[in-house]
Each structure stands twice: as C-alpha cells, then as structure tokens.
Amino acid sequence: MNLFFEEDGAFKAGVIMKKDGSSYQVELPTGKRVKVKGGHVFFEFSDSSASQFLTAAAEEAAQIDPGFLWEVAPEEEFGYEDVAEEYFSSPTAVSRAASLMALHGNPVYFYRKGRGRYRKAPEEILQRALQAVARRQALEERRKQMTAEMKAGTVPAEIAQKVFELLMHPDKNSIEWKALNDAAAEAHQSPLRLMLELGAVRSPWQWHVESFYLENFPRGRGFPASLSEPRMVDENLPLAQVRAFSIDDSSTTEIDDATSVEHLADGRTRIGVHIAAPAYFIDRDADIDKAARARMSTVYAPGLKTTMLPENWVQAASLDKDRAVPCLSLYALVDDETMSVISTETRLERIAVAENLRIDVLQDEITEERIEQGALDFPWADEIVYLWRFGKARRALREQRRGKPEMKRRIDWYIELDGEGEDARITIKGRMRGEPLDLLVEEMMIFANETWGLWLEEHRVAGIYRSQRMGRVRMSTVPGPHDGLGVLRYAWSTSPLRRYVDLVNQRQMISVLEGKSPAYQGNDADLFGIVSSFENIYETYNEFQRRMERYWSLRWIEQEGLKEIEAVVVKAELVRIDGLPFMQRIPGLPELERGQKIRLAVLGVDYIELLIETKLLDVLDETDDVEDEEAEDDAAAEVDDPQQMPGAQDNPTQEGFEQEQAS
C-alpha cells in the first residue's frame, strides 16, 4: 500500500512500511524512510507505484485548465476532493492528486485555506491578478527578446537609453538589467565590457568621465542660471601700495595668489602673500555659497576642469593684471641677513597686481645656477631672488623641525592634450620638483597657511586645520602640528577659488578683521559637516584625477607604439613606469631591491581596469634612488595644493606631496 502526503510544502508519495495510530513510516522512491504524521496525509492508494503515481498526477494536473476549474469550483470553501468529483465525475487516485496539484499550483485562482482546502478568488480580484500575470509574461518575453538582440550584436533601445544607469546603479529587478546580465553571462563578459563591445558605451574614456560626472554631478556640470551675480568691487577697502606679481602657467584662469617684496631700511624687507578674497562677497548660506559647498572643490584631470565657483565669480575675483580686487594679505617683516621672520600682519585690502608672470615663459631662464651667478636679467629678478632665498630659509627651518630633509628628486608630471576628448594627441612632460619657482611658490603658500593657522588659534576663532601625527594626515577643527611639513599649525587658506575649506577659513579671518562675529563657532555642527564632506569629496576628485592620468598614460604607450618599457621597483611587486605618472603591481615579479630598474614587454593594455599586461624581460644593471625615496612609508611633506604648483592649475597631474606620501 502506498501513501500520498505533503512534507515541507511538497507533495510526496511512498510505500507504507508501518502504521502506528495516525502516523506512518514511509519509504520514498529514493529509498529514504520518513515518518509522516496523520495530519499531513491525503490518502492511501495501491493502483500504481509511488514514483509512477506522482509522475502521472503531475502530468494530469498540467492538463487541467485552471480557468475552467475555477468555474466549476463552489463559491464557498471546499476541499480538493469536491473539485475532483465535479471535474472528473469518477476520479481515480491519480485524478484526485492531480486536482490537488492544480489547485495548489494556481494561487491566482485559488486561495489556500488549510491542508487540502481552498476558496476561489473573487472574480474582480482574479481579473486584476490575471492582468498582472499577463504583464509579467509579456515582460519576460521582452527580456528574452532583448537578450537575443544583444547576442546578435544589437543594443535594445530600452537599454541604450539608460545604459549608464544600468551599469552604475542597476535595478536588479528590472527586465533591462536581467536581459543585460543574461547576455553578458552568455558572452562571458561583464555588462560594461559587453556594452563597450556593442557600442552603447562609446569608449573607455567616455565610461570613466561620464560615470564620474553622473555620480558626483547628477544635475550636470553647469551652475543654476538663477545664481546671484558677483560684485567684487568695494572702494571702501584700502588699495595696497605694493608692487605685486603672480606666478602661473600661461593657461591658468584662476589666479588666486600673488606676492610682493618691499625693501625697507635697517636691513629689513616686507614680503606679502596676497590671496584673492571671494569670501568677502560670499556670505554663509548665500546661494553662491551653497553652490560652492555642494562641489567642495574644483575638479581637475587632464583635459578637464570643473570649477567650484561659476566662471563669472572666478573671473571677478581672479588677480589679473591691473585690476584692483579684494585680497586677504599676509605681510611678513623679514631680516635680510638671517631670513628670519620678525613679525607678521594680516590685512583685508584691495590689490592691483602689476604683472602676471608665466612659468612656461620663464622656467628656462630662472634656474638655481643663474640665480647663484647673479645672471637673472628681467624686471622682477630682484623679487624672485629674494623670495627664493626666503623660501630656502623656510624650507631649512621646516626640515629641522621634521628631523630629515625633504625629498628633492620628485618629479611633477604634466599631461598635455592636443585636441578634444578621447582622440587628443598626448604629450607627457616631467619637471623635477625643487626648481626655483616651484620652491618659491610652495614655501610662500606653506608659510601663509601655517601663519594663518596660528592666527586663527590665537584669535580663538574656529577654523579647519590639517594635522599629521604618526604618518596620518587628518582634517579637523582642532589645531595640531603637521609633522610631515614641519609646521606648528596648518590651515588651508590660500585657494579659496578652488577649495571650500579655504573659503571657510578665509571667511572666518575676514570676520575678525571686520570686527564681526565669526560665521562659524567652534561647536557649529555645520562646520563638522563641512570637514567630513570635504574629505570624502576631495578624495573622490583626486581619485578621478589619478584614474584619468592612468588612462592617458596607457593611451600614450599605445600612441607611441611602445612594445617595451622600463620600470623601477618601488616595493615588492609594485613598480613605477619610467617617464609616466603610473604605478602598478606586477604579479610574480621576483624579489628585487627598491630602486632596481627592470625592462618589461608590453603585451596589452586594459583601458577599463587601467592596467598594463606585461612580461619581465630583464633586470637591468641600473638603480634609481628616486623611487626608493618615493616609497617611504611615513608622510614626508604636503604642499598647499597640487594645483598650487606653478603651471599646474589648468594641467594638473600630481595629487601633491600629501596625497602621495601620506597614503
């Protein structure tokens, strides 16, 4: 005798081995023996084997029209046997089981009310449910069609219209994602690579750029047309009587710092650091302030720049030649012999820059050798030489505090693109850091940020500081030393056109100079929020810059047709490619000393993962101590901004000392 029963939500049948009261011991077709409680039993049968019975019942249930079954079912609650009698007239054990399976397998038509008992769905609800089922079936059919289209090499319109959304933030319940995922799986590719192959994503360059902007600028790269217009003129501010000059690359559009030198009597000189002051006209929570805070920083990458402030605000505040604009100025009285700072003073004033010097025009003339020989011959030679001497003295002081010299053989890389977008012609240039103009600008900015960090603390005004202890760089509202730089305090304040933190610190300083209550108090939750948001957003922007540098480095390798490249071991399997801002791990690289030069075969490049496929050819009889220094594990130094370096503003490729050294 056999038994038909339910176990764990599944219908089963087996041979009765023993019956004990209302319970059974049953042997399943698999040979497994189970104990079945009486409440789980439907009926006993003997006209076929258990396995044949289940197969026959399932086949017969599949033939039953659920719609007709719904028609003949009673209006009130019923048992499966009642329907079997109505449907089959003289039901067999197989027919009874088939009726139960049909009822159970069509929950749209029949609601389960207990074991073997059901109630048919109300007609109105049934019709809505059937329409939903039909829609799901149609969607499923469309999903299969879309998968087939992609396998055939065509991208369905539904997917092409939102390809970036599907790749970046997919709704995994949507038929578009399911179709794309199915097609990619069948092609043994990632969805992104399939879309690249089929042309829905035009190129890896488009993917890297558009995915970044869609993620971080969901409303677009532009600014709202309703933003207020800049009013960067105030005749009430005193006009500084100094002869100031800026140092930037010829392509720079955001000139936010200038310097001045005024020789006084008794062997003293007053030098000035003059910083554009957009905070003088941008109040906290004004519409333009909210726009800048939403971005937190200007975005830089080769061939790309998205400014923190609208272009008209940048132009209004920029320290262009012969325009009197508001500035926050730091004046330092310096002893000419010792180059020590005797006193400092901060002023809010207007300044008319006398000249915008251009690094690419002067870099060949202004060398350390020519300075030492007294061979500089141009109108600003005296100022350049004096500030270079001051910068060297400041660096020596910082190195004394650090307990070790700064690395001098670091290379700044510049990627120049001739043309628009992904088809541009690439030129990659490197310049050794520490050249006179680099040192001058770098040290003047570090000096200003240290001095103003101390100034904020002394005036007991809240500010945003950068500190470094035990190799860890952090940003907070609590003052602390920066060991990597060798400064007592450090508050970014010299790039208010390009960094929101600098704008905030400048706003705080201006409030003190004007005798007003500071915009932010030390316990202001908004200030803490700015610190947290800035760090996350700034690192995201830096990562995008690094990623695009890697992309253009790979494109340059392809452009130049290089089949072999040289690299320097940085640490373990990590190497830096010669002549490029590009580092990569080479799995399986033998253990080599830091600085060891090697030669690699270029087998291919991956523009999505941004990697070079290589093979080790030779270990060369050369070493390079530059890479050994760059691999130091502790933080060594930090410049004001990678874009603050001369010539870097509109063509940056380095994330600065801090980002390289403190990571």
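Predicted model: local features only at pLDDT ≥ 70, side-chain atom pairs only at ≥ 80, totals over all residues.

Q: Is α17 enclosed by the rest of the structure or open, and which of its residues are buried?
A: An α-helix has 3.6 residues a turn, so residues three or four places apart point the same way. In α17, 12 of the 14 residues are buried, so the helix is largely enclosed by the rest of the structure. The buried residues include Y500, D502, R507 and M509.

Q: What backbone feature comes just after α17?
A: There, G515 has a positive phi of about 70°.

Q: How are strands β14 and β15 joined?
A: Strands of a sheet pair through backbone hydrogen bonds, either parallel or antiparallel. Here β14 (residues 324-335) and β15 (residues 341-352) run antiparallel and are joined by 11 bridges. V334 has V341 in β15 as its bridge partner. Five residues lie between the strands of this hairpin, where M339 takes a positive phi near 60°.

Q: What lies on the β11 side of β14?
A: Strand β11 (residues 268-276) runs antiparallel to β14, with nine bridges between them.

Q: What is the strand order of the open sheet?
A: Its six strands follow the order β15-β14-β11-β10-β9-β16, with mixed pairing. β15 and β16 (355-358) are the edge strands, each pairing on one side only. From one strand to the next, the twist averages 25°.

Conventions
Residues numbered from 1 in each chain as written. Heavy atoms only, no water. Buried < 20%, exposed > 50% of the residue type's maximum accessible area, 1.4 Å probe, protein only. Helix = DSSP H or I, 4+ residues; strand = E, 2+ residues; numbered from the N terminus. Pairing = 2+ DSSP bridges. Axes fitted to C-alpha atoms, helices over the stretch in contact; angles between N-to-C directions.
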